[in-house]
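Dear colleague,

I am passing on the structure we spoke about, and my notes on it follow below. Please read them with the model open beside you.

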Amino acid sequence: MSGLIKRHILMCAAVLTLGAGTPQASLAGPGRAAPQVGPGARVAFTAGELSAARPEGLRGTLRIAGDDAQAFQALIDGAGAAARPWLVLSGGGENGAFAAGLLSGWSQAGTRPDFGVITGVSTGALIAPFAFVGPVEDPVLRDAYTTISAADVFEFGGTSEALTDTWPLKRRIDRAVSPALLKAVAAEHAKGRRLLVATTEVDAERPVLWDMGAIASVGGPRALALFRAVILASSAVPGVFPPVMVDAVSPGGKTFQEMHADGGTTGPFYLAPGPALTGEAEVRIPARRVYLVVNNKLAPDFQMATRTTLSVLGRAMSAAIKAQTKASLALAGRFADRTGLDLQVAEIDGRFGQTTATPFDPTYMQALFAHGERLGRAGTAFAGLTPAGTPAAVSGQGPDQRPDLAPATGTIPSGPISAGALPGAPMAPRAEAATRAMAGR
């Protein structure tokens, strides 16, 4: 999960990394299992066992290596509706309110496509299943991105795996991803549509692309648990949010646990395997148009840093995330040019000027949702890429031509966090204090 939450909290992880010095030397050679000792020890396994493993108790092809162009092509070739427009949803933490609002406004305009393929990373993974089922789920996304605070996502007081505990987010996912939603996803999958979510396998340092419709089609408690776990894993910032352990079994019957974390670790969004984007491998996307929603601001954001470690690291991480996203957009643009793909990109641009110093600020998220909703209704959210790989300005639709789209400006004042959660969901202990600490106050 990237965005403000990542910018404020990854700096803590960076402190730990810098303090650790050089990485620990592994006692395992290539293809050999590393010994595990001490509390939290894991059953050792090799790279070969990992690559051939499948989720325990479930059969079928439920996932592929996210950087395997051949496997990706086979997955897409097996999707009868893949020639319809695609929707690609990026990470961005609370900035996912932009995509949620955009989809709502798009539905109201009556022009929202019936997407053949939807991919999601991090906060995009949280949105993707509901976008996949269709406009009927728009109210769920509105609630998820306009009524929550940091208390509904995490609390400090984690374990040796992470700085925080994400039990509040897990509880929300468990409530929202119901057996009924699983059946709805399976029904759309049967029509030839595909819902794909990316995670990062920490041991392998590789992206994993999960076929969520295939998981839903298996049905039953194990499939439901895996579906929920993948969504949670795609948002698990390494070292900050705890990783998600997935029970796996090798072809030889050996059982062990895979460690999955934020899909944004290996890419801010997922359009195609990395080798295809760089031109090292060929992939054919049957769709003519792809809509990519970047839940982030790409333009530099001036804020004076204080002469403190956390402030400097926070600003540096913000710049790094934007640079990563811009580089990924440039690669996606060149891929689109080579393959004749019409890539349309929406970002949080200068038409939205509101800021906040608090992660998951409800007032900020409500304003961003409303902004995305206006753009979705007006049909002015998307634009092509410039030769530099940045979204082009929306021609003739600037604030001067569209008073209703004039920039929303101002800084959201900091204040106490409201519960603003699902009915009956209490605020996570210490979350307000944690949020203030993350904001550097």
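Leaving aside its neighbours within four places in sequence, which residues is F269 in contact with? Contact here means heavy atoms within 4.5 Å, and on that basis F269 touches V88, S90, V121, L292, S328, L329 and A332.

Before going further, please note that this is a predicted model, in which local features need pLDDT of at least 70 and side-chain atom pairs count only at pLDDT 80 or more, while totals for chains, interfaces and linings use all residues. Residues are numbered from 1 along each chain as its sequence is written, and side-chain values use heavy atoms, with hydrogens and water left out.

The overall picture

The protein has 14 helices and 14 strands, where helices (H or I, at least four residues) and strands (E, at least two) are DSSP runs numbered from the N terminus. Of its 441 residues, 53% are buried, a term that stands for under 20% relative accessible area, with exposed meaning over 50% and partly exposed in between (1.4 Å probe, protein chains only). Among contacts between residues at least 6 apart in sequence, 78% join residues at least 24 apart.

Two helix pairs

The axes of α4 (residues 96-109) and α6 (residues 138-146) come within 9 Å and cross at roughly 150 degrees; axes are lines fitted to C-alpha atoms, for helices over the stretch in contact, and angles run from 0 to 180 degrees between N-to-C directions. That makes α4 roughly antiparallel to α6, given that angles under 35 degrees count as roughly parallel, over 145 as roughly antiparallel, 65 to 115 as roughly perpendicular and the rest as oblique. The crossing of α4 and α6 is left-handed, which is the term used if the near helix is turned anticlockwise from the far one by less than a right angle, right-handed being the clockwise case. On the α4 side, G96, A97, A100, L103, S104, S107 and Q108 take part, and they meet D138, L141, R142 and Y145 in α6. The residues of this contact divide into 5 nonpolar, 4 polar and 2 charged, where Ala, Val, Leu, Ile, Met, Phe, Trp, Tyr, Cys and Pro count as nonpolar, Asp, Glu, Lys and Arg as charged, and the others, Gly among them, as polar.

For α5 (residues 123-133) and α8 (residues 179-189), the axes come within 9 Å and cross at roughly 65 degrees, and this crossing is left-handed. P129, F130, F132 and V133 in α5 meet L181, A184, V185, E188 and H189 in α8, a contact with 7 nonpolar, 1 polar and 1 charged residues.

Buried residues in loops

F269, with which I began, is placed in the loop between β10 (255-261) and α11 (274-278), and is buried at a relative accessible area of 8%. Its C-alpha atom is separated by 9.8 Å from that of N295, 26 residues apart along the chain.

L341 is found in the loop between α12 (309-339) and β12 (342-347) and counts as buried at 9% relative accessibility. Not counting residues up to four places away in sequence, L341 touches I285, A287, R288, R289, V290, F335 and A336; of these, V290 is 51 residues from L341 in sequence and 7.3 Å away in space, C-alpha to C-alpha.

T166 lies in the loop between β6 (164-165) and α7 (167-176), where it is buried at 6% relative accessibility. Its contacts, leaving aside neighbours within four places in sequence, are with V153, F154, L232, F241 and P242.

What does the side chain of R42 reach? R42 lies in the loop between α1 (4-20) and α2 (47-52) and is buried, with a relative accessible area of 18%. Its side chain reaches the backbone oxygen of Q257 at 2.7 Å, and a polar contact of 2.8 Å joins the side chains of R42 and D203. A polar contact is a pair of N or O atoms within 3.5 Å; within protein, one must be able to donate a hydrogen and the other to accept it, and residues adjacent in sequence count only if both atoms are side-chain atoms.

Backbone points to check

S122, in the loop between β4 (117-121) and α5, has a phi near 60 degrees, a positive value in a residue other than glycine, and is buried at a relative accessible area of 1%. F360, in the loop between β13 (352-356) and α13 (362-378), has a positive phi near 55 degrees and is buried at 3%.
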